[in-house]
Amino acid sequence: LGVEPVDQPGRGVGLGRQDHGGGLDRGAVEGLDAPGPGRLRPEEVTVFEDTEAGVASAKAARMRCVAIPGTHTPERLALADELAPALDVEAVRRALS
């Protein structure tokens with residue numbers, strides 16, 4: 001699906017999950033604007049979130065955000081670029097197309 005692991009300095013390689021503090025893991029976004037082959041700009045990253053804090057963090061990082069209601073109502077996730085009823089194959093395909 002085009003999901004790439006993120007090198008998290010000091011923490012190894014992961015998929016860029018949220019930390020327990022409610023913000024995007026610094027290692028997940030560090031260096032996204034750095035020049036070089038294979039580097040992504042924040043605008044090229046799609047984040048799937050189910051919390052208000054996660055949506056706000058993704059948008060503050062200039063990333064595209066797809067919100068999955070469940071933890072919060074759709075109204076509380078309104079800052080997201082898109083709402084998907086569930087995190088399934090179709091939601092991922094729409095987000096990445």
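Biologist: Going from the N terminus on, in what order do the elements of the chain run?

Modeller: They run β-β-α-β-α-β-β-α. Keep in mind that this is a predicted model. The tally is three helices and five strands.

Biologist: What makes β3 and β4 a pair of strands?

Modeller: The cut-off is at least two bridges between them, and β3 and strand β4 (residues 64-67) have four, in the parallel sense. One of the links has Glu49 with Ala67 in β4 as its bridge partner.

Biologist: And what makes β4 and β5 a pair?

Modeller: Two bridges join them, and at least two are required, so they qualify as well. These strands run parallel. Ala67 turns up again here, with Leu83 as its bridge partner in β5.

Biologist: Which strands form the open sheet, and in what order?

Modeller: Three strands, in the order β3-β4-β5, with parallel pairing. β3 (46-49) and β5 (82-83) stand at the edges: each has a single partner strand, so one side of each has no neighbour in the sheet.

Biologist: Let's zoom in on α3. How do you know whether Ala91 is buried or exposed?

Modeller: Ala91 lies in helix α3 (residues 89-96). Its relative accessibility is 0%, and buried means under 20%, so Ala91 counts as buried. Across the chain, buried residues make up 32% of the 97 residues.

Biologist: Which residues does Ala91 touch, leaving out those up to four places away in sequence?

Modeller: Phe48, Ala84 and Ala86. A contact needs heavy atoms within 4.5 Å, so Ala91 and Phe48 have heavy atoms that meet that limit. Their C-alpha atoms are 9.6 Å apart in space, and the two residues are 43 apart in sequence.

Biologist: What share of the contacts in the chain with a separation of 6 or more comes from residues 24 or more positions apart?

Modeller: Such residues account for 25% of those contacts.

Definitions and conventions:
Residues numbered from 1 in each chain as written. Predicted model: local features only at pLDDT ≥ 70, side-chain atom pairs only at ≥ 80, totals over all residues. Heavy atoms only, no water. Buried < 20%, exposed > 50% of the residue type's maximum accessible area, 1.4 Å probe, protein only.
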